[in-house]
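This briefing is intended for a reader new to the structure. Please consult the sequence and the model below before turning to the points that follow.

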Amino acid sequence: VRSNPKKASEAIIKLSHLLRYQLYESTNKLVRLDSEIEFIKNFMDLEKIRRDNFTYSLNIISEKESLLNVKIPSNLFMPFVENAIKHSNGVGVLDSTINIRFFVSKNELYFSCMNSIPANKEKSNKSSSGLGLVNIKRRLELLYTSQSYNLDITTSQNHYNVILKIFL
């Protein structure tokens, strides 16, 4: 706080938005999509304050009415966003990028989260990793029938990409 009061003030404001959402909105079984997107934006802004070599984009393709009318389980997308942050290049000197995209049509909600990964990143030990992904898949199975969503996860040398389609 003493070394950079402006940055600390921004972080406190973002943190207050996150806490307010967690306390008042995410306790509901379903939340509006626009509220969930705003929560993700505040989370990413806070991460941007924390890390110098971090950039993100958040693109929303939808009519405002769709964002207000679509209701989803709270924190549905956060495990993907948190994984993207965790597995992106990190706090070091390398640049880290995360691209998040939402598309809402009459019949479908599309979510994409792509993060950069360092080319020299060591492969993780499978026995001690991947629990988050297992939990995400299980939660989707409990929330939706197998015909009402599609989850596609791909990895390339430099990117990790998650695409989740939910049929409305």
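Arg32 is partly exposed, with a relative accessible area of 34%; the term partly exposed covers the range between buried (under 20% relative accessible area) and exposed (over 50%), taken with a 1.4 Å probe and protein chains only. The model is a predicted one, in which local features need pLDDT of at least 70 and side-chain atom pairs count only at pLDDT 80 or more, while totals for chains, interfaces and linings use all residues. Residues are numbered from 1 along each chain as its sequence is written, and side-chain values use heavy atoms, with hydrogens and water left out.

**Salt bridges**

- Side chains of opposite charge can pair when their charged atoms come close.
- The structure holds eight salt bridges, a salt bridge being a side-chain nitrogen of Lys or Arg within 4 Å of a carboxyl oxygen of Asp or Glu.
- One of them links Arg32 to Asp34, with the closest N and O atoms 2.7 Å apart.
- Glu47 and Arg51 form another, at 3.0 Å from N to O, and both of these residues are buried.

**A pair within helix H2**

- Lys41 forms a salt bridge with Asp45, where the closest N and O atoms are 2.8 Å apart.
- Both residues belong to helix H2 (residues 33-50) and are four residues apart, about one turn of the helix; helices (H or I, at least four residues) and strands (E, at least two) are DSSP runs numbered from the N terminus.
- Lys41 is partly exposed, at 32% relative accessible area, whereas Asp45 counts as buried at 14%.
- Shared partners in salt bridges join Lys14, Lys41 and Asp45 into one network.

**The sheet**

- Five strands form an open sheet in the order E2-E4-E5-E7-E6, with mixed pairing; two strands pair if DSSP finds at least two bridges between them.
- Strand E2 (54-61) and strand E6 (149-155) stand at the edges with a single partner strand each, so one side of each has no neighbour in the sheet.
- From one strand to the next, the twist averages 5 degrees.
- E6 and strand E7 (residues 159-167) run antiparallel and are joined by seven bridges, and Asp152 stands opposite Ile163 in E7.

**Helices on the sheet**

- Helix H4 (residues 78-87) packs on the sheet and touches strand E4 (96-104), strand E5 (108-116), E6 and E7, contact meaning heavy atoms within 4.5 Å.
- The direction of H4 makes about 10 degrees with that of E5; axes are lines fitted to C-alpha atoms, for helices over the stretch in contact, and angles run from 0 to 180 degrees between N-to-C directions.
- Helix H5 (residues 131-143) also packs on the sheet, touching E6 and E7, and its direction makes about 165 degrees with that of E6.
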